[in-house]
Amino acid sequence: MTQAIEVTGLTKRFDGRTVVDGIDLTVGQGRICGFLGPNGSGKTTTIRMLCGLLKPDAGEGRCLGHDIRREAALIKRQVGYMTQRFGLYDDLSIRENLDFVARLFELPGRRAAVDAALDRLGLASRQKQLAGSLSGGWKQRLALTACLLHGPRLLLLDEPTAGVDPKARREFWDEIHRLAADGITVLVSTHYMDEAERCHELCYIAYGQLLAKGTAAEVVAEAGATDLEDAFVRLVDRAKDNFA
Ligand SMILES: Nc1ncnc2c1ncn2[C@@H]1O[C@H](COP(=O)(O)OP(=O)(O)OP(=O)(O)O)[C@@H](O)[C@H]1O
């Protein structure tokens with residue numbers, strides 16, 4: 001299988017404190033990998049190193065075949081990164097938000113691309129509305145559309161469903177599975193166990209270290225747990241003595 005992400009020993013320190021500590025991560029093309037862990041465990045920092053926004057202090061590897069240290073610019077062009085709280089500009093309109101992203105990626109045929117995205121979203125008639133006035137579910141849909149605009153091959157989604165209602169969350173996951181079926185790779189951080197169940201594979205980190213990886217069933221079995229939530233509680237308890 002072609003690997004979309006293949007990194008080893010990924011490490012990041014802030015002010016002398018190690019927040020990501022030697023993470024090895026491999027995700028095959030078209031796979032949906034759930035990235036889980038307690039608050040502050042290093043998920044966002046890892047995602048930012050993968051898409052070339054942060055330089056690792058140690059570790060190496062490739063994202064979409066490009067070296068994460070030397071080819072960050074190439075990686076950025078082929079990755080869709082959805083930040084926590086969606087990363088929209090609240091005081092720009094729906095159209096302006098999409099247009100801003102299209103300019104950023106220097107999309108040819110920008111106007112037509114934005115028109116098509118608005119049609120797909122079903123927001124063409126509301127394109128002048130400020131993004132800040134949208135509901136959580138619509139903000140999320142707009143943010144996902146914005147990060148797909150340049151045709152990325154890898155999606156890095158940082159808690160994309162936080163604060164979104166169950167119906168919108170279900171639609172979002174249906175869309176993620178459609179994208180993966182088209183060959184797009186997805187690394188998605190979440191605190192929701194039902195979402196973890198919908199991933200092809202899981203990586204669980206705490207204290208900046210990878211504690212478990214595999215399918216949901218494999219992670220549950222490895223932890224000797226009854227379900228995923230139980231598995232994560234057990235894994236963190238086990239790790240506490242070593243890292244805390
Ligand atoms: N730029 C920074 N400077 C200093 N410390 C930072 C910086 N960015 C993150 N940290 C710290 O690194 C640790 C890991 O943060 P990170 O945001 O990667 O965790 P996370 O797993 O994404 O958490 P959450 O689930 O709450 O979003 C935290 O203790 C955080 O305070």
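Tyrosine 207 is buried, because 20 other C-beta atoms lie within 10 Å. A residue is called buried when 20 or more other C-beta atoms lie within 10 Å of its own, exposed when there are 12 or fewer, and partly exposed in between, with C-beta atoms placed from the backbone. The model is a predicted one, in which local features need pLDDT of at least 70 and side-chain atom pairs count only at pLDDT 80 or more, whereas totals for chains, interfaces and linings use all residues. Residues are numbered from 1 along each chain as its sequence is written.

Tyrosine 207 has a positive phi of about 50° although it is not a glycine, and its place is the loop between β9 and β10 (209-214). Strands (E, at least two residues) and helices (H or I, at least four) are DSSP runs numbered from the N terminus. Glutamate 106 likewise has a positive phi of about 50° without being a glycine. Its place is in the loop between α3 and α4, and glutamate 106 is exposed, because it has 9 other C-beta atoms within 10 Å.

Strand β9 (residues 201-206) contains alanine 206, which counts as buried because it has 23 C-beta neighbours inside 10 Å. Leaving aside neighbours within four places in sequence, alanine 206 is in contact with Gly37, Pro38, Ser41, Leu211, Leu235, Val236 and Ala239; contact requires C-beta atoms, placed from the backbone, within 7 Å. Tyrosine 204, with residues up to four places away in sequence not counted, touches Leu36, Gly37, Leu211, Ala212, Val219, Phe232 and Leu235. Tyr204 is also, with Leu156, Val186 and Leu187, one of the residues that touch the most other members of the largest nonpolar core, which has 64 residues. Such a core is a set of buried Ala, Val, Leu, Ile, Met, Phe, Trp, Tyr and Cys residues joined through C-beta atoms within 7 Å.

Strands of a sheet pair through backbone hydrogen bonds, in a parallel or an antiparallel sense. An open sheet of six strands has the order β6-β7-β8-β3-β9-β10, with mixed pairing; two strands are taken to pair if DSSP finds at least two bridges between them. β6 and β10 stand at the edges with a single partner strand each, so one side of each is left without a neighbour in the sheet. Neighbouring strands of this sheet are turned by 15° against each other on average, direction ignored.

Within this sheet, β3 (residues 32-36) and β9 pair in the parallel sense over four bridges, and the bridge partner of cysteine 33 in β9 is glutamate 201. Strand β6 (residues 79-82) runs parallel to β7 and is joined to β7 by four bridges, with leucine 154 of β7 as the bridge partner of valine 79. Five bridges join β7 to β8 (residues 185-189), again in parallel, and leucine 156 has leucine 187 in β8 as its bridge partner. Strand β7 (residues 154-158) is largely enclosed by the rest of the structure, because five of its five residues are buried. Leu154, Leu156 and Asp158 point one way from β7, and Leu155 and Leu157 point the other way.

Helices cover parts of this sheet. α5 lies across β6 and β7, running at about 155° to β6; axes are lines fitted to C-alpha atoms, for helices over the stretch in contact, and angles run from 0 to 180 degrees between N-to-C directions. Helix α6 (residues 166-181) packs on the sheet, touching β3, β7 and β8, and its direction makes about 150° with that of β8. The buried residues of helix α3 (residues 94-104) are Ile94, Asn97, Leu98, Asp99, Val101 and Ala102, and what covers them includes α4 (110-121) and α5 (136-148).

A second sheet, open and four-stranded, has the order β2-β1-β4-β5 with antiparallel pairing. Its edge strands are β2 (17-28) and β5 (66-67), each pairing on one side only. Strand β1 (residues 3-14) pairs with β2 over nine bridges, and threonine 11 stands opposite aspartate 21 in β2. Helix α1 (residues 43-50) packs on this sheet, touching β1, β2 and β4 (58-63), with its direction at about 120° to that of β1.

α1 also contributes the largest share of the shell around the ligand, three residues. The ligand is surrounded by Phe14, Val19, Gly37, Asn39, Gly40, Ser41, Gly42, Lys43, Thr44 and Thr45, where a residue is near a molecule or strand if its C-beta atom, placed from the backbone, lies within 6 Å of it. By class, the shell has two nonpolar, seven polar and one charged residues; Ala, Val, Leu, Ile, Met, Phe, Trp, Tyr, Cys and Pro count as nonpolar, Asp, Glu, Lys and Arg as charged, and the others, Gly among them, as polar.

Terms used
Two residues are in contact if their C-beta atoms, placed from the backbone, lie within 7 Å.
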